[in-house]
Amino acid sequence: MNDPLESQRGATEKRPRQVFELDETGFNEVPPRYRRFYRRWKGAGDSLAPNEVKCPVCKVVIRSRVELRAGDRVYCMPCMSRLEVVDENGELVAKVLY
Amino acid sequence: MADFLSNYSIQRWLESCPQGYLEDTVYGHGPDDHEPESMLDNDLLRESEIRSTVQLIAGERCALAASSGLINSAPDQASKAFLATQTLDEGRHVEIFTQRLYDLGIKPQDLETTITTYLNPHLAKFAEVLLEKVDKKDFVAGVVGQNIVLEGMAFSVFEMLQASHAETNPKFAHTLSGTIADERRHVGFGENRIGELIRRYPERKADVERMQRDMSKHMLATFHVAFSGSAAANEEAKRQMDSGARPKTQAVYQGVDLSSASTEEMEKVLASTVLGEFKTRLARIGLEYQSPL
């Protein structure tokens with residue numbers, strides 16, 4: 001017998017990650033070569049793409065070349081925080097690693 | 001850890017800040033930007049801007065004294081380097097907000113008397129609590145007070161001011177965007193460095209939490225005096241908008257339209273945002289938020 005939740009999770013892990021083209025966002029708070037990995041959060045009405053997660057420390061949106069999944073580690077260069085992506089009630093959020 | 005601490009380098013700061021978002025700015029804004037005539041020609045609005053700018057200068061003078069004072073008590077070279085960059089950031093903030101007072105018509109020889117006249121006494125007490133910890137070379141309490149409480153408050157205040165000035169005063173909004181970028185680094189250092197130190201020295205928690213409670217109490221009193229004192233200017237700004245003397249704008253902060261909100265509503269949204277942020281940030285680093293009420 002299979003646990004449907006387990007098989008669903010396994011399917012997500014096996015599914016290849018979506019790849020994203022990162023364009024310039026006008027974010028200028030880090031050296032030029034890193035700028036496309038970040039953007040400003042636009043407040044109510046803004047939403048996160050599957051390759052994005054919001055830094056809980058400085059509220060900047062961190063962008064990855066590939067779809068993010070729970071367990072990934074990301075770095076917020078504007079505030080220099082190390083973060084881990086976790087699944088919280090079906091939503092991906094970043095937690096600070098001290 | 002060694003690699004992580006190397007991010008607090010002067011080189012990284014140079015590439016991000018002076019060679020990044022501050023490039024081509026003069027006192028933090030575009031070289032051709034000016035304060036709006038509709039505000040400069042109105043005594044009530046100009047005085048209100050002078051009053052709020054004085055509070056920014058006082059807060060930044062406190063941050064300058066605290067960040068420079070903490071350098072010698074920092075336990076490692078990377079933290080000393082970061083605090084050196086923060087000291088220059090805070091010195092720059094003092095300078096750009098002082099320049100704004102001059103742009104608002106204050107003469108350099110009247111600077112100190114203007115600050116003394118308009119300084120909110122509760123903000124002075126807020127600064128005293130922090131600087132007492134810095135004077136005692138208490139690094140953990142000093143960084144929590146400076147980089148989490150003071151900078152956390154500044155982060156939200158700057159965001160609110162930027163939202164309210166974005167359309168009516170692009171010069172000041174541009175100045176604020178640079179200070180907000182600086183604050184990201186400062187709060188990041190506070191959380192990341194202290195998050196690790198609090199785990200190492202849990203016996204420091206009670207004292208640090210008491211300091212946060214005292215600073216929060218003075219902060220709320222500062223907000224109350226500031227907003228209740230600006231009710232007449234707020235009404236005048238609305239009147240100018242209704243009469244067409246200044247463009248009708250929407251300035252939304254945390255879901256509240258500041259261009260139509262009362263000063264009580266503004267005080268409430270700012271206080272709840274800042275305290276909510278304190279609570280979340282302190283919990284992340286293992287401290288329990290202490291209500292000042």
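Reader: Is B:Glu35 buried or exposed?

Author: The model is a predicted one. In it, B:Glu35 lies in the loop between helix H2 (10–21) and helix H3 (37–40) of chain B. A residue counts as buried under 20% relative accessible area. The relative accessibility of B:Glu35 is 5%, and therefore this residue counts as buried.

Reader: With which side chains does the side chain of B:Glu35 make polar contacts?

Author: Beyond its neighbours within four places in sequence, B:Glu35 is in contact with several residues, including B:Leu40, B:Asp103 and B:Asn169. One polar contact, of 3.0 Å, links its side chain to that of B:Arg100. Another, of 2.6 Å, links the side chain of B:Glu35 to that of B:Lys171.

Reader: How far apart in space are B:Glu35 and B:Pro170?

Author: In sequence, 135 residues separate B:Glu35 from B:Pro170. From C-alpha to C-alpha, the distance in space between them is 8.3 Å.

Reader: Are helices H7(B) and H8(B) roughly parallel or roughly antiparallel?

Author: Helix H7 (residues 121–135) and helix H8 (residues 139–165) of chain B pack with their axes 8 Å apart, at an angle of about 150 degrees. Angles over 145 degrees count as roughly antiparallel. H7(B) is therefore, relative to H8(B), roughly antiparallel.

Reader: How many residues of the contact of H7(B) with H8(B) are nonpolar?

Author: H7(B) contributes B:Leu123, B:Phe126, B:Leu130 and B:Lys133, while the residues from H8(B) include B:Val149, B:Leu150 and B:Met153. Across this contact, 1 residue is charged, 3 are polar and the nonpolar ones number 7.

Methods: Residues are numbered from 1 along each chain as its sequence is written. Chains are lettered from A and ligands numbered from 1 in the order in which they are written. This is a predicted model: local features need pLDDT of at least 70, side-chain atom pairs count only at pLDDT 80 or more; totals for chains, interfaces and linings use all residues. Side-chain values use heavy atoms; hydrogens and water are left out. Axes are lines fitted to C-alpha atoms, for helices over the stretch in contact, and angles run from 0 to 180 degrees between N-to-C directions. Helices (H or I, at least four residues) and strands (E, at least two) are DSSP runs, numbered from the N terminus. Angles under 35 degrees count as roughly parallel, over 145 as roughly antiparallel, 65 to 115 as roughly perpendicular and the rest as oblique. Contact means heavy atoms within 4.5 Å. Ala, Val, Leu, Ile, Met, Phe, Trp, Tyr, Cys and Pro count as nonpolar, Asp, Glu, Lys and Arg as charged, and the others, Gly among them, as polar. Buried means under 20% relative accessible area, exposed over 50%, partly exposed in between (1.4 Å probe, protein chains only). A polar contact is a pair of N or O atoms within 3.5 Å; within protein, one must be able to donate a hydrogen and the other to accept it, and residues adjacent in sequence count only if both atoms are side-chain atoms.
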